[in-house]
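Hi everyone, thanks for making time for this. I'd like to walk you through one structure, from the whole thing down to a few single residues. Please keep it open on your screen while I talk.

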Amino acid sequence: MFYIMKIKKFFAVFLFLILFISPCYATNPDDDIIILYTNDVHCGVDDFIGYSGLAYYRDEMKKLSPYVTLVDAGDHVQGATIGIISHGRYIIEIMNELNYEIVTLGNHEFDYGWGQFENFNKNLKCGYISCNLRDLRNNNLVLPAYKILNYGNTKVAYVGICTPETIGKTTPTYFKDENKNFIYDFDGDDKGEKLCASVQKAADDARKAGADFVIAVGHLGENEDVTKVWSAPFIAEHTRGINAFIDGHSHEVTEALKVKNLDGEEITITQTGTKLHNIGLMKIHTSGQITTKLINEVTGRNENITNLINTLKARYEDTLKSILSRTNFDFLAMDDKGDWLVRNGETNLCNFAADAFLNEAGGLADIAFVNGGGIRTNITKGGINFNNALSVCPFGNTLLIIEVPGQSILDDLEIGARLYPANNGGLLHPAGLTYEIDAKIESPVSVNSAAKSLILDENAPRRVKNVMVHGEELDPKKLYKVIGTNFVLVNNGDGHIFANSKIIKSDFAVDSDSLAHYMKNFDSIPEVYRYAQGRIKFTK
């Protein structure tokens with residue numbers, strides 16, 4: 001009898017551990033949970049599948065399961081005219097009509113300033129989530145770290161993660177106070193430990209709150225163009241308790257990248273690319289299995305979403321259609337696959353934009369610089385309108401002129417060349433200046449994550465060589481007048497510093513306007529712009 005009681009007690013404890021403690025025995029759904037996900041839409045509201053196609057597909061999925069959720073992994077308010085001209089407001093309106101339930105932040109959600117980001121968060125019905133956007137003044141998170149949705153008796157937690165690259169990939173001053181001290185951060189450090197700890201805490205807290213499944217929704221990226229210790233694979237490999245990972249930021253088409261977490265469990269990372277080329281379809285099956293699939297074609301459109309988009313576009317369409325000039329050739333920012341050309345090479349569009357900036361200076365500047373990340377789309381041959389100019393320079397950055405020593409120009413060219421031949425939005429495209437990048441020399445620039453800045457080793461060999469200003473060798477001690485955007489010249493965008501500079505003329509034009517002004521100078525764009533002009537020589 002004694003042994004029977006002990007056996008009964010053992011089984012009672014065993015059942016308790018199974019039912020209430022072990023995360024392996026989650027409450028599986030009574031029907032498939034369908035998670036439709038997007039990332040890096042970049043205002044492509046009616047490109048490819050488009051938001052109306054997404055809405056149609058969502059409605060079709062609702063015929064298969066009562067559990068259908070729309071999720072976005074960031075970078076939705078910037079990238080095309082409809083976002084630029086409304087400072088993102090129209091995109092939030094469309095997303096609300098679509099009834100997104102889970103949205104995390106991309107770096108471009110801050111492109112219109114901190115105040116506008118707060119407006120987005122206030123007006124987006126579901127609000128944003130992020131486990132690593134932190135107010136340094138009190139060490140508290142700015143947003144909820146996760147959100148739990150109920151599907152019958154099954155609880156799924158979504159953990160939001162935004163890349164620490166955000167500070168450098170938008171305007172750094174947006175995250176500073178009036179004394180230029182950082183007051184916001186994304187838990188970035190050189191080893192990725194802070195970010196992993198923040199993600200782990202969010203996953204653990206969600207489990208404690210009753211989550212049966214935890215899905216990471218990150219804007220981090222997977223390839224070599226992103227910081228490795230802040231990438232989705234790194235985070236997945238150095239945490240536990242996450243069942244799957246919806247990603248964004250690097251514009252990769254990733255149906256199912258498999259990595260193993262700290263417990264050796266296989267985690268799927270997935271990403272749709274950009275501009276709604278694809279819709280992501282994640283299923284949590286009744287068995288508890290999670291699968292992912294990319295949908296690249298739908299058979300219908302949602303009329304309500306189509307009408308909303310057309311109504312919003314009608315508010316500004318006439319203004320944007322007026323022809324500024326014509327071109328007999330294409331201006332290039334990216335290739336046919338959508339891969340950036342302006343971040344690791346010279347193109348005719350960068351030459352034209354730099355010349356437009358120099359033209360806007362009206363003879364007050366010696367040199368113009370355009371950062372590759374500031375050029376966002378191609379212009380195809382034919383009539384060029386203001387919409388083209390706005391789409392090429394979508395951030396609404398203002399131009400200014402600084403006076404700066406030649407040595408600072410050399411240093412910043414080095415910062416822009418630090419990642420070549422990999423992509424770098426900070427690559428500087430010049431007018432009035434030419435230079436060479438020798439990739440055989442290791443870059444003397446390193447990252448100081450603690451200070452959110454770049455360090456240039458003064459004693460190391462330089463990869464930037466043969467810098468010429470209007471055909472003469474640049475003098476490190478001479479003062480030069482440089483025109484560029486506030487993002488690059490004064491706001492430390494892409495890590496640029498331009499030390500010891502003096503502002504000669506501040507915020508006197510918008511970059512897209514200057515591009516439009518220059519276009520108007522020509523009935524037809526001159527043939528000299530058909531090809532890149534060799535202003536940067538690349539040596540591998």
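I'll begin with the overall picture, then go to the cores, and finish with some individual spots.

First, some ground rules. This is a predicted model, where local features need pLDDT of at least 70 and side-chain atom pairs count only at pLDDT 80 or more, while totals for chains, interfaces and linings use all residues. Residues are numbered from 1 along each chain as its sequence is written, and side-chain values use heavy atoms, with hydrogens and water left out.

Okay, the whole protein. How many helices and strands does the protein have? There are 15 helices and 27 strands. Helices here are DSSP runs of H or I with at least four residues, strands are runs of E with at least two, and both are numbered from the N terminus.

Now the overall dimensions. Along the principal axes, the C-alpha atoms fill a box of roughly 100 × 55 × 40 Å.

What about inside versus outside? Of the 540 residues, 57% are buried. Buried means under 20% relative accessible area, exposed means over 50%, and partly exposed is in between, with a 1.4 Å probe and protein chains only. The protein exposes about 23100 Å², and carbon and sulfur atoms supply 49% of that. Those areas come from the Shrake-Rupley method with a 1.4 Å probe; for residues, only the protein chains shown count as cover.

Here's one on how the chain folds back on itself. Take contacts between residues at least 6 apart in sequence: 76% of them join residues at least 24 apart. Contact means heavy atoms within 4.5 Å.

On to the cores. A nonpolar core is a set of buried Ala, Val, Leu, Ile, Met, Phe, Trp, Tyr and Cys residues joined through side-chain atoms within 4.5 Å. The largest one has 54 residues, and the members touching the most other members are Leu36, Tyr51, Ile82, Ile94, Leu98 and Tyr128. Several elements give two or more residues to this core, including β1 (33-38), α2 (50-62), α4 (89-98) and α9 (303-314). Which element gives the most to this core? That's α4, with six residues.

Let's zoom in on Tyr51. Leaving aside neighbours within four places in sequence, Tyr51 is in contact with residues including Ile91, Ile94, Met95 and Leu98, and also Leu276, Ile305 and Ile309.

Apart from that core lies another, of 37 residues, with Leu324, Leu515, Met519 and Phe522 among them. Now look at helix α15, residues 511-519, where seven of the nine residues are buried. Among the buried ones are Leu515, Ala516, Tyr518 and Met519.

Now for some backbone details. Where is there a cis peptide bond? One joins Tyr420 and Pro421, with omega about 15 degrees, and Pro421 sits in the loop between α13 (406-416) and β19 (428-431).

Two residues have a positive phi without being glycine. Phe48 has a phi near 55 degrees, and it's in the loop between β1 and α2. Phe48 counts as exposed because its relative accessible area is 51%. Lys180 has a phi of about 65 degrees and lies in the loop between α6 (166-169) and β8 (184-185). Lys180 is exposed too, at 66%.

Is Gly188 buried or exposed? Gly188 is buried, with a relative accessible area of 11%. It's in the loop between β8 and α7 (193-208), and, not counting residues up to four places away, Gly188 touches Pro164, Lys194, Trp230 and Ser449.

Last stop: Ala532, in the loop between α15 and β27 (536-539). At 38% relative accessible area, Ala532 is partly exposed. Ala532 and Leu332 are 200 residues apart in sequence, yet 9.6 Å apart in space, C-alpha to C-alpha. Beyond its neighbours up to four places away, Ala532 touches Glu346, Thr347, Asn348 and Asn351.
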